[in-house]
Amino acid sequence: MTGGPMYDVIIIGGGVAGYTAGIYLSRAGKRALVIEGTAIGGQISVSPKVENYPGFKEISGMELSDLIYTQATDLGVETEFDTVTGVEDLGTVKKVTTEYSSFEARAVIIATGCRHRKLGAKGEEEFAGKGVSYCAICDGAFYSGKEVAVVGGGSSALSACELLSGICSKVSLIHRRQEFRGESKLVETLISKPNVEFILDSVVDEITGGESVSGISVKNTVSDEIKSIPVSAVFVSVGQEPQNAIFSSLVDLDAQGYIDAGENSKTSRAGFFAAGDCRSKMIRQLTTAVADGTSAAMAACEYLRLN
Ligand code: NAP
């Protein structure tokens, strides 16, 4: 036993899926604990501008995260800032071990989201934190008036590019295809920016520099031509991947490493539920994460009632 309180539900991950589950659980009279290892709000907390969440015409991801956190906390959801290192199913009790402690609950909701995918380019690791960044909103201001590059063709890369175009002297947007996966409205906005250059059908071959990044070599995938571009920073925004390795012996994962759970959020193990981007699903959006948090909380309530 941990000696601490027995929670009804421990929610692993403090993104919107996790806190939505917490809000529903608290309102159902359950004692819920969110364990979050990095930042409240998860990925949305670093989105400069959210324009597709009903009720808010425009809001920063950080502001939205704060509002959700405050709402959940006011309703009684507890939060521990710690990193989960292991989860055990002891039958009626589930034990969640963290770096600094351990906690027990009758059910667990996994809402760990995804993490930034790496590019795999030469120099990416060497210059991480020295010009290679995965978060324009966090690091963009360091490159005020400088030339930078953004890599990727999804909405995250396009949003990062828009933000950086207002801070940096020039932004080169490097994408491996001609078509963008991200929203066309964002593409149109970028086309109208004089300091944004589209470098398409291209991949980053190498990130170079001394103490910090000073340039990139970019390869055109059609012509094989390689060109060097002087930049002070490279913002890598090529999507996400799940971080479910610690749950692999507990619940079934799909071939991509996402938790195998359907719309009802039930995993292969009773008493364990999955919500948000960490689960196998077609659409990973803020609104679908919110929906998942709701489903997981409802399923957990049903489980608690029957067990
Ligand atoms: P994403 O939509 O999966 O896009 C990833 C992009 O990176 C794709 O363009 C992909 O190219 C490219 N890519 C992947 N691996 C690469 C590699 N190794 N080298 C070069 N390029 C690579 O990811 P995301 O942009 O992070 O968005 C994630 C989710 O959040 C999406 O559902 C998105 O709609 C949502 N989101 C929405 C907003 C908003 O404001 N509405 C903002 C941010 C994110 P290909 O296209 O060729 O595969």
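Reader: Helix 1 and helix 6: is the crossing left-handed or right-handed?
Author: Right-handed, in this predicted model.

Reader: What's the angle, and how far apart are the axes of helix 1 and helix 6?
Author: They cross at roughly 40°. The axes come within 7 Å. Helix 6 covers residues 286–306.

Reader: Parallel or oblique, then?
Author: Oblique. Roughly parallel needs an angle under 35 degrees.

Reader: Which residues of helix 1 meet helix 6?
Author: Val16, Ala17, Thr20, Ala21, Tyr24 and Leu25.

Reader: And on the helix 6 side?
Author: Leu286, Ala289, Val290, Gly293, Thr294, Ala297, Met298, Ala300 and Cys301.

Reader: Switching to helix 2. How does helix 1 pack with helix 2?
Author: At an angle of about 25°, with the axes 9 Å apart. Helix 1 spans residues 16–27 and helix 2 spans residues 61–74. That angle makes helix 1 roughly parallel to helix 2.

Reader: Left-handed or right-handed crossing there?
Author: Left-handed for helix 1 and helix 2.

Reader: Which residues make the contact?
Author: From helix 1, Val16, Tyr19 and Ile23. From helix 2, Ile68, Tyr69, Gln71 and Ala72.

Reader: How many polar, and how many charged?
Author: In the contact of helix 1 with helix 2, 1 is polar and none is charged. The other 6 are nonpolar.

Reader: Where does Val16 of helix 1 make contact?
Author: Val16 is part of the contact with helix 2. Val16 also meets helix 6.

Conventions
Residues numbered from 1 in each chain as written. Predicted model: local features only at pLDDT ≥ 70, side-chain atom pairs only at ≥ 80, totals over all residues. Heavy atoms only, no water. Axes fitted to C-alpha atoms, helices over the stretch in contact; angles between N-to-C directions. Helix = DSSP H or I, 4+ residues; strand = E, 2+ residues; numbered from the N terminus. Parallel < 35°, antiparallel > 145°, perpendicular 65-115°, else oblique. Left-handed = near helix turned anticlockwise from the far one by under 90°. Contact = heavy atoms within 4.5 Å. Nonpolar A, V, L, I, M, F, W, Y, C, P; charged D, E, K, R; others polar.
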